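I opened this notebook to keep track of what I looked up, one entry at a time.

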Amino acid sequence: MEQRELIKRSKAGDKEAREALVLNNVGLIWSIVRRFANRGYELDDLFQIGCIGLMKSIDKFDLSYEVKFSTYAVPMISGEIKRFLRDDGMIKVSRSLKEHAYRVNLAQEQFQKKYDREATIDEISGMTQLPMDEIVVALEANREVESLNRTIYEGDGHALSMMDTIEEKKRWEEELLNNMLLTESIQELQPDEQKLIQLRYFENKTQREVGEFLGISQVQVSRLEKRILLILKKRMTGSENK
């Protein structure tokens, strides 16, 4: 069955379609998980986190846009794993508590989306099958993580959070993932749009030179370039389908 049809059925509550989507995208999840190897975590654990990112992608993917599901899913899966590594590295808790916290967080998001209000502890318990006391502990762990994003200083129009004070190390795997996503996004552009990006950003041509090559004015090149860059930005961040 076509992937878009499975997504449509999954959004309608079809559990079999949802499971089929996960199975169909196992290779995609693993391709991203392997880029986070050697960080002190079992790849199987990161795969489970990647599955959460995939399920969020399924729920948020907008079928009205002509874009590949994988283009949208890659940054969502990667972002979920990065968030897990970031948060887990700051607050050391037991594995069972981490699992409970993720289940509670996911249940909260699903409930909020469906009913447009926050879920009670009793309602979360019904969704996760977790005892209410364990949910309270998991919620407290989530609050500790959220506190890292609170502003600790604000001045000169700039806000500084606790998260900003923690050094983030760039890794070549993440850069490779971003390059992969950019390449795929460019390939989905129209031929003339691809040519414009190639001339401007890979061959360092001026807008006037690009206009002469494409047979359009410099003003048209400027407008087209801005539109293309906006499209690429939305695809890279996943905001195109929100």
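With which residue does Glu109 form a salt bridge, and how far apart are the closest N and O atoms? I found that the partner is Lys56, with the closest N and O atoms 3.5 Å apart. I take a salt bridge to be a side-chain nitrogen of Lys or Arg within 4 Å of a carboxyl oxygen of Asp or Glu.

Basis of the entries. I am reading a predicted model, in which local features need pLDDT of at least 70 and side-chain atom pairs count only at pLDDT 80 or more, while totals for chains, interfaces and linings use all residues. Residues are numbered from 1 along each chain as its sequence is written, and side-chain values use heavy atoms, with hydrogens and water left out.

Entry on Glu109 and Lys56. I noted again that Glu109 and Lys56 form a salt bridge. Glu109 belongs to helix 6 (residues 95-115) and Lys56 to helix 4 (residues 43-60), so this pair ties together parts that are 53 residues apart in sequence; helices here are DSSP runs of H or I with at least four residues, numbered from the N terminus. I then checked accessibility, where buried means under 20% relative accessible area, exposed over 50%, and partly exposed in between, with a 1.4 Å probe and protein chains only. Lys56 is buried at 8%, whereas Glu109 is partly exposed at 33%.

Entry on Arg200 and Glu225. I looked up the side chains of Arg200 and Glu225, which meet in a salt bridge at 2.9 Å, N to O. Because Arg200 lies in helix 10 (residues 191-202) and Glu225 in helix 12 (residues 218-237), the pair ties together parts that are 25 residues apart in sequence. Glu225 is buried, with a relative accessible area of 6%, and Arg200 is partly exposed at 21%.

I also recorded that salt bridges with shared partners join Lys56, Glu80, Arg83 and Glu109 into one network.

Entry on Glu123 and Arg117. In this salt bridge I read 2.7 Å between the closest N and O atoms. Glu123 is partly exposed at 24% relative accessible area, and Arg117 is also partly exposed, at 38%. In total, the structure holds nine salt bridges.

Entry on helix 7. Which residues of helix 7 (residues 121-128) are buried? I listed Ile124, Ser125 and Thr128. After helix 7 comes Gln129, whose phi is positive, near 65°.

Technical notes. Helix = DSSP H or I, 4+ residues; strand = E, 2+ residues; numbered from the N terminus.
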